[in-house]
Amino acid sequence: MIEERVLLGERSYSIHIGRGAFELAVGESAGLSCSKIKTAVVSDAKVARLHAEKLSRLGAPSDRMEKDGTEKSKTFGELEDLCSRFAGMGLDRKSAVFAVGGGVIGDLVGFAAAVYMRGIDFYQVPTTLLAMVDSSVGGKTGINIDEGKNLVGAFHQPRAVFADMEFLDTLPKNEFAAGMAEVIKYGLLADREFFEMMYALEEPLNPRHPRMAEAVGRCCALKAGVVSGDERENSPNGGRSLLNLGHTFGHAIEKCAGYGTYLHGEAVAIGMVMAAEFSVRMCGLKISDAERIRELLLRYSLPVSLRRPIAAEALLEAMQRDKKAVSGSLRFVLMDEIGKAKTQPVDSAEVLDFLKSFA
């Protein structure tokens, strides 16, 4: 079992990674019950069907509920429903919630935990690769509104994260691939050795690959370090915003194409190709490096271009609503080289010109 730590003083917590990590979550739940602390379990409905026996050991039947794990669940209506159900179950300020599912479940349940009773404890039990390496760690929670993705939310750190590789065995291939976009992202932004390791693998990573848990652990360690130093993304130079490599483009693609048209990781994959090509133009990234990034994404059957054209003007408008925009100025995460990223303000006219040239 691999353990990483997010260091945030009294709010520090552990990330447990490996086959069998779910048993640690069961033990945590049992310990809370013994302490007379009321708990609730909110799981992805699909995960609940696939892993019914496993989930039956986490909390009592009356404490468990299911939610749809797609982006359509990240709404005010679903948030209100969760909070109402928490109240109906008798959860109080000392209670805790377990979020069992992918990024949507973690974001929604985490936000509900952040606002219910002005904040109660919650635990992340990520069941997708994307959630394991990205959304379950760091305390970003939230929902979508018509104007953009994750524009309403809160920073609310989990008490612990339990990433059990066994959940990946039943993950659809396209969702595993979507998670690999985030895995590859970590190599691009700060760990060239990790990128080169993935590039050199004779057999691409898969749920039962002998280096799978190591790869997840490496991503979590990098994110833990970044979050510990810049929890609320306030650093003027890099910091947590570096974790958004490819996301400014990716979020705009999701918004303009319609949420659900692309899996989040698929949109991020296209966004990273766009970021790489933009880095060639703006930062002198080698064209050969941009081509290698595209090649590694293709090995995991990830899209590297838009399935249908989106107007450059529409993408730019979506980007101007991005959370990283400051006083109307767009900021992008760009690369000087693989493993060395930075944030950089870019003029809107320059961005629009690039978007019009992207194919």
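**Exercise 1. Find out how far apart the closest N and O atoms of aspartate 134 and lysine 223 are, and where the two residues sit.**

Step 1: Start with the rule. A salt bridge is a side-chain nitrogen of Lys or Arg within 4 Å of a carboxyl oxygen of Asp or Glu. Aspartate 134 and lysine 223 form one, with their closest N and O atoms 3.5 Å apart.

Step 2: Now place them on the chain. Aspartate 134 belongs to helix α6 (residues 129-135) and lysine 223 to helix α9 (residues 212-229), so this is a link between distant parts of the chain, 89 residues apart. Helices (H or I, at least four residues) and strands (E, at least two) are DSSP runs, numbered from the N terminus.

Step 3: Check the burial. Both aspartate 134 and lysine 223 are buried. The cut-offs: buried is under 20% relative accessible area, exposed is over 50%, and partly exposed is in between (1.4 Å probe, protein chains only).

A word on what you're looking at: this is a predicted model, where local features need pLDDT of at least 70 and side-chain atom pairs count only at pLDDT 80 or more, while totals for chains, interfaces and linings use all residues. Residues are numbered from 1 along each chain as its sequence is written, and side-chain values use heavy atoms, with hydrogens and water left out.

**Exercise 2. Work out which residues arginine 218 meets in salt bridges.**

Step 1: Take aspartate 191. Its side chain and that of arginine 218 meet in a salt bridge of 2.9 Å, N to O. Arginine 218 is in helix α9, but aspartate 191 is in the loop between α7 (173-190) and α8 (192-200), so the pair ties together parts 27 residues apart in sequence.

Step 2: Move on to glutamate 193. Here the closest N and O atoms of the salt bridge with arginine 218 are 3.7 Å apart. This pair links helix α9 with helix α8, across 25 residues.

Step 3: Compare the surroundings. Aspartate 191 counts as buried because its relative accessibility is 15%. Arginine 218, at 24%, is partly exposed, and glutamate 193, at 58%, is exposed.

Step 4: Zoom out. The count for the model comes to 31 salt bridges. Shared partners also join Lys67, Glu78, Asp81 and Arg85 into one network.

**Exercise 3. Decide how many disulfides there are.**

Step 1: Apply the rule, a pair of cysteine sulfur atoms within 2.5 Å. The count comes to 0 disulfides.

Step 2: Cysteine 220 is buried, with 0% relative accessible area, whereas cysteine 34 is exposed at 66%.

**Exercise 4. Describe the largest cavity and its lining.**

Step 1: Get the idea. Rolling a probe the size of a water molecule over the atoms shows where empty space is left. On a 1 Å grid over the protein atoms alone, a cavity is a set of points where a 1.4 Å probe fits but cannot get out; lining residues have an atom within 4 Å of a point.

Step 2: Count and size. There is 1 cavity of 30 Å³ or more, and the largest cavity holds about 120 Å³ of space. Grid points are joined across faces, edges and corners, and a volume is the space filled by probe spheres set on the points.

Step 3: Read the lining. It has 14 residues, with Gly148, Lys149, His251, Ala318 and Asp322 nearest the centre. Elements giving two or more residues are β8 (148-155), α10 (247-257) and α13 (312-319), and α10 gives the most, with 4.

Notes. On a 1 Å grid over the protein atoms alone, a cavity is a set of points where a 1.4 Å probe fits but cannot get out, and a pocket is an open set with protein on both sides within 12 Å along at least five of seven lines; lining residues have an atom within 4 Å of a point.
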